[in-house]
Amino acid sequence: MRSEQVIGGKRCFIYENDQADNFLIQAIDEHDLELLDREVEIIKELSSDIPFSLAAFLIEDWNDELSPWEAQPVFGNNSFGAGAADTLAFITDTLIPYINNVYMNNSKTNFYLGGYSLSGLFALWAAYQTDIFRGIAAVSPSVWFPDWDNYMTSHSIQTPKVYLSLGEKEEKTKNKVMSKVGDNIRKQYEILCEDINEITCILEWNPGNHFVDSEIRMAKGFAWLLNH
């Protein structure tokens, strides 16, 4: 059973388990919202009965609120803003304190951040900014994003666990920028495996392109974090 409420001006959807000290956080769009109930059920099936709660919040401007820096359009006419910092501030300064005060009432909560597509890139980027998250699920993340290849090689991630996944057909595109997604996620995985802080990580390949089974892929990512 989920509840809907407005927190910090954002529509949030909470799946509460009062036995859980693991809280999953996900930035979603309207399509993700339609699949969210199914995603939660699959996480339960895959997570070995480990109790968890989940908080998802709705993104209004996908290309702005989740982008770490400004970039020119890659497809269509919509450019990318630099709103990721504000979105992360909402999570760390508003959402997490609200969760702790209303649902958890303790300081031992394990927070995990995950997302799909550009939300997956946002989750990865966020883990370079703060050590508040116990793990990251970057599912079919937009690691093709302009200059991400340079960013990930020159910065250090601050989370101990990272789940990466990609569809097998995602790099097979005529779009020259987006076709870099395969090479970049392989490089991302290599960097994490070689991190001196001994990051626990995995790169999982899924059948199909970017638009296949997003709720199943997200559930697999969150469940892996819970199980490890």
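I take a contact to mean heavy atoms within 4.5 Å. By that criterion I looked up contacts in the chain between residues at least 6 apart in sequence, and 69% of them join residues at least 24 apart.

**Basis.** The model is predicted, so I note that local features need pLDDT of at least 70, that side-chain atom pairs count only at pLDDT 80 or more, and that totals for chains, interfaces and linings use all residues. Residues are numbered from 1 along each chain as its sequence is written, and side-chain values use heavy atoms, with hydrogens and water left out.

**Overall fold.** I find seven helices and eight strands in the chain; these are DSSP runs numbered from the N terminus, helices being H or I of at least four residues and strands E of at least two. The radius of gyration, taken over C-alpha atoms, is 16 Å, close to the 17 Å that the globule rule gives for 228 residues, so the chain is as compact as a globular protein of that length. The globule rule is 2.2 Å times the number of residues to the power 0.38. Along the principal axes, the C-alpha atoms fill a box of roughly 45 × 35 × 30 Å.

I record an accessible surface of about 10,500 Å² for the chain, 45% of it belonging to carbon and sulfur atoms; the areas come from the Shrake-Rupley method with a 1.4 Å probe. Buried residues make up 54% of the 228, where buried means under 20% relative accessible area, exposed over 50%, and partly exposed in between (1.4 Å probe, protein chains only). I also list 17 positive and 34 negative side chains, with the centres of the two sets 6 Å apart. Lys and Arg count as positive and Asp and Glu as negative, while His and the chain ends are not counted; each charge is placed at NZ of Lys, CZ of Arg, CG of Asp or CD of Glu.

**Helix H4.** I followed H4 over residues 118–129, where its 12 residues reach 17 Å from first C-alpha to last, close to the 16 Å expected at 1.5 Å a residue. The expected span is 1.5 Å times one less than the number of residues. H4 is mostly covered, with 11 of its 12 residues buried; among them are Leu121, Phe122, Trp125 and Tyr128.

**Positive phi.** Serine 117, in the loop between strand S5 (110–116) and H4, has a positive phi of about 65° although it is not a glycine. Serine 117 is buried, at a relative accessible area of 15%. Glutamate 198 is likewise not a glycine and has a positive phi of about 55°. I place Glutamate 198 in the loop between helix H6 (181–193) and strand S8 (200–206), and with a relative accessible area of 69% Glutamate 198 is exposed.
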